Amino acid sequence: MTAKKSRPLILVSNDDGIFSNGIKALAETAAEFGDIEVVAPDRQQSAVGHAITVTTPLRARPFQLDNRFSGRAVNGTPADCIKLAHDKLLDRKPDLVVSGINHGSNAGINIIYSGTVSAATEGTVLGYPSIAFSCTDYDEDADMTGCREAARRVIRYVLDNGLKRGVTLNVNAPSGPLKGLRWARQAESRYVEEFEGRVDPHNRDYYWMTGKFELLEQNGGSDIDILEKGFASITPIQYDLTAKDVLRSLENTEL
Ligand code: MN
């Protein structure tokens with residue numbers, strides 16, 4: 001007789017904070033597949049990238065998400081949440097780490113600034129299959145029907161098939177119903193920063209960043225191209241940043 005396989009444990013995090021609508025949507029969707037543990041920042045942590053907290057202590061406060069899911073609200077970054085969950089907070093190791101659903105696109109260059117993607121990347125670093133989910137609509141109350149369906153399909157695929165070590169999946173979906181899900185590469189893009197300068201009541205200058213997104217390519221098959229056509233995009237990404245083709249071309253060069 002074989003022992004009944006226990007339900008998968010799915011660790012859920014994000015960067016918008018544990019109070020966001022997106023993390024509720026993701027916890028509910030993931031709960032269709034397994035047991036849920038939510039460990040997420042106790043406040044908005046968007047665009048903190050892969051920052052970790054090393055000079056102040058971390059605290060994890062018990063939290064009931066929607067009275068359905070037990071969770072911990074952490075006074076740290078998304079990457080902190082995954083590291084702390086892995087090392088101290090969970091009773092068993094997760095079978096899957098999911099992050100999101102972020103309020104706003106994490107396509108193109110947004111990937112490197114995103115705390116949502118970094119929570120998933122940290123899961124990958126620790127050896128867990130990990131997926132980041134984002135809704136391209138920044139509205140907190142956006143219709144996430146299609147994002148949930150994209151999440152459902154990708155979670156099912158990864159639980160059934162696993163994921164290559166070192167690779168994270170980055171999923172973006174428009175608001176509204178799901179038109180379809182397409183594999184895509186990261187679009188070449190950047191922000192051109194424009195700072196609005198102001199003066200405070202003490203006569204000191206301060207600045208607000210008001211970056212403008214710039215798409216540097218018009219080729220088909222990028223995440224942004226797929227999203228503009230109304231589909232959800234799915235991009236395999238990796239944290240090994242070595243430019244392997246350049247290394248190969250330079251490795252016999254004496255310096
Ligand atoms: Mn965010």
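Predicted model: local features only at pLDDT ≥ 70, side-chain atom pairs only at ≥ 80, totals over all residues.
Modeller: Residues are numbered from 1 along each chain as its sequence is written, and side-chain values use heavy atoms, with hydrogens and water left out.

Colleague: What makes D15, D16, S46 and N102 donors of the manganese ion?

Modeller: Donors are N, O and S atoms within 2.8 Å of the metal (3.2 Å for Na, K and Ca). D15 (OD), D16 (OD), S46 (OG) and N102 (OD1) coordinate the manganese ion at 2.1 to 2.2 Å, so these atoms meet the cut-off. Water is not among the atoms, so sites may look incomplete.

Colleague: What spacing do the donors follow along the chain?

Modeller: The spacing is D-D-x29-S-x55-N. D15 sits in the loop between β1 (9-13) and α1 (21-30), and N102 in strand β5 (residues 96-103), so the pair ties together parts that are 87 residues apart in sequence. Helices (H or I, at least four residues) and strands (E, at least two) are DSSP runs, numbered from the N terminus. Both D15 and N102 are buried.

Colleague: Why is α1 called mostly covered?

Modeller: Buried means under 20% relative accessible area (exposed is over 50%, partly exposed in between, with a 1.4 Å probe and protein chains only). Seven of the ten residues of α1 are buried, namely G22, I23, A25, L26, A27, T29 and A30.

Colleague: How do you know that α1 is oblique to α5?

Modeller: The axes of α1 and helix α5 (residues 145-161) come within 10 Å and cross at roughly 40°. Axes are lines fitted to C-alpha atoms, for helices over the stretch in contact, and angles run from 0 to 180 degrees between N-to-C directions. Under 35 degrees counts as roughly parallel, over 145 as roughly antiparallel, 65 to 115 as roughly perpendicular and the rest as oblique. That makes α1 oblique to α5. A25, L26, E28, T29 and A30 of α1 make the contact (heavy atoms within 4.5 Å) with R148, A151, R152 and I155 of α5.

Colleague: And why are α2 and α4 called roughly parallel?

Modeller: The axes of helix α2 (residues 78-89) and helix α4 (residues 115-125) cross at roughly 25° and come within 7 Å, and α2 and α4 are therefore roughly parallel to each other. Here P78, A79, I82 and K83 in α2 meet G115, A119, E122 and G123 in α4.
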